[in-house]
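Please read them beside the coordinates.

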Amino acid sequence: MNSTRRHVHTPRVRRLARDHGVALDGLVGTGPRGRVTTTDVLHVEAVTTLSRNEMGAAQPSRATPAAGPSQTTAVIEVDVTRVAKGTHALLAAVVEAAVAALRQALPDRGPGVGIRVVAHEGGRARTIRDADRLSMAGLLHALEIAPDGPGAGIGVGPRHGAQPEDRTLAVHDAGGEGFLFESLPMAVGDLAALSVGAPVERVAVIVQPDGERGIGVRTCVHLALTYDDQLSRAAVAKMLAAVRTRLEGLGQSVGGGSS
Amino acid sequence: MAQLSYRDAVARGIAQEMRRDDRVVLVGEDVAGAGGVFKTTVGLLDEFGPHRVIDTPISEQAILGAAMGAAMTGLRPVAEIMFSDFFAVCWDLVVNQIAKTRYMTGGQVTLPLVIKTGNGGGLRFGAQHSQSIENWAMAVPGIKVVTPSTPEDVVGLMAAAIRDDDPVLFCEHKGLYSMKAEVADGEIVDTLGTAKVRRAGRDATILSLGMMMPRALAAAEDLATRGIDAEVIDVRSLIPLDTRTILASVAKTGRLFTVEENPQVLGWGAEIAAIVADEGFWDLDGPVQRITTPHIPLPSADSLEDLVMPSAESVASTVEKALQS
């Protein structure tokens, strides 16, 4: 046996790599036993494109802008008082809501599957498949076993066996740095990039159970969605509104409070 | 729309064509007075009379010989071979005569003939009355081979088979005779050589035929609860074969599984696997896997027959394991 292990690539991966100009030699993938998946090929292509665009600048990351159409960022404030405390819980809730909303806004092409958690600098990519089918508990677990640290980002990537045209919804925790939001540029392959800001406490007008208005202390975050011409302005508005509804109604629908 | 059983759908399909075309006749053992040993021809004698619905002696060669002669001389017969296993005793007529006449006469003589037959296992009928023989016939150029899996398809494909100018082997799955489903009112005419996507999915393509279709569908629903979105295709027609639908599905999912009731060696899925390896190779994201009965005669004991035939559970676990390895 040769000491350098020869990785076996499926025909589909080889064709995709050829079409996208990605070299497979030496690549260790996120599939079973390190096999390179179609998602990996698209990710490598994205990073390579970024490096090229940066003219060799220090380190490529998901946050590096892709070449392509101009991008716009829409920002909303969401009351997350009902969401369980903790960065992971918040991210899990946002991912869950965003995936559901994206499916609603784009019934024909959901974001696909698999969560990719990418450490911001030099970290190892970890893929958890089928993000859109995980429960909140499943998402939370996935986030907790994934690399942590400032700037950790989540990509809701294409499904196993996905088509090259499938796109990723990147989710980025900007709260670690204390930012209210970041206008996070999209990477190649992203459908949109969602930044989750630092939770802040606000005195806010709330509607009480009896319908009367009152003043309460609420925990709020900013969600900033960066998108390009793949998504219409109306679809983005619909999606963000759905995310807000879902997050703000969370405690009610599951019948439990934060712990 | 009305509920119709698979067995009643057979009679409805034949009756629909007999009303339309008086050249259509039915011959076979017990097809007239008894309404068929599986009750698939009930009512046809009453409606069309003994000149068009004809009981024969217990001789498969006589049935097919008479039907072939009738087809050569202008009728459009439907002949029943009670159990598909019995093709073994009239195979010379099928292979050397019926399948080759059009070719050997330079197209001067066509055989618009349907051979309907009770096919498949699951009913504890033992090794000589349970076989799935589509692949025997598939190997012979000159015969079309169809196997419907729903009552509506029975009516439509029967009509298409009767209207076709070539011999068609029409395999009715015995295990499905009692199955009921909604069937549209009025005339139904389907198209030979077309597969149907029974469930759309993105992660894996599961091909099925006859009684394996509901099992594949159940497996796909089970897989969906575990995050695998499988596409289930009902092949329906082996000759001609709808390769376009199959290849398009594999291009989408990257993975192909076949669920076959026949013994593994040279089952219909082997031919499709070869076609996909040839024409869909660059779409494959893993090996093609065939789920079949082992290469053994079918046992008659309940537990053993259940054990060897593909089940919803064995399909689901095979697909899940394959996608995770």
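1. B:I63 sits in helix α3 of chain B, residues 60-72. Helices here are DSSP runs of H or I with at least four residues, strands are runs of E with at least two, and both are numbered from the N terminus. The model is predicted: local features need pLDDT of at least 70, side-chain atom pairs count only at pLDDT 80 or more, and totals for chains, interfaces and linings use all residues. Residues are numbered from 1 along each chain as its sequence is written, with chains lettered from A and ligands numbered from 1 in the order in which they are written.

2. B:I63 counts as buried because it has 26 C-beta neighbours inside 10 Å. The cut-offs are 20 or more other C-beta atoms within 10 Å for buried, 12 or fewer for exposed, and partly exposed in between, with C-beta atoms placed from the backbone.

3. Leaving out residues up to four places away in sequence, B:I63 touches B:V27, B:G28, B:T56, B:A79 and B:I81. Contact requires backbone-placed C-beta atoms to lie within 7 Å. From B:I63 to B:I115 the C-alpha separation is 9.8 Å, across 52 residues of sequence.

4. Chain B also has an open five-stranded sheet with mixed pairing, in the order β9-β11-β10-β13-β14. Strands pair if DSSP finds at least two bridges between them. The edge strands, β9 (196-199) and β14 (289-293) of chain B, each pair on one side only.

5. Strands β10 (204-208) and β11 (230-234) of chain B are parallel and share five bridges. Within β11(B), B:I233 is the bridge partner of B:L207.

Methods:
Contact = placed C-beta atoms within 7 Å.
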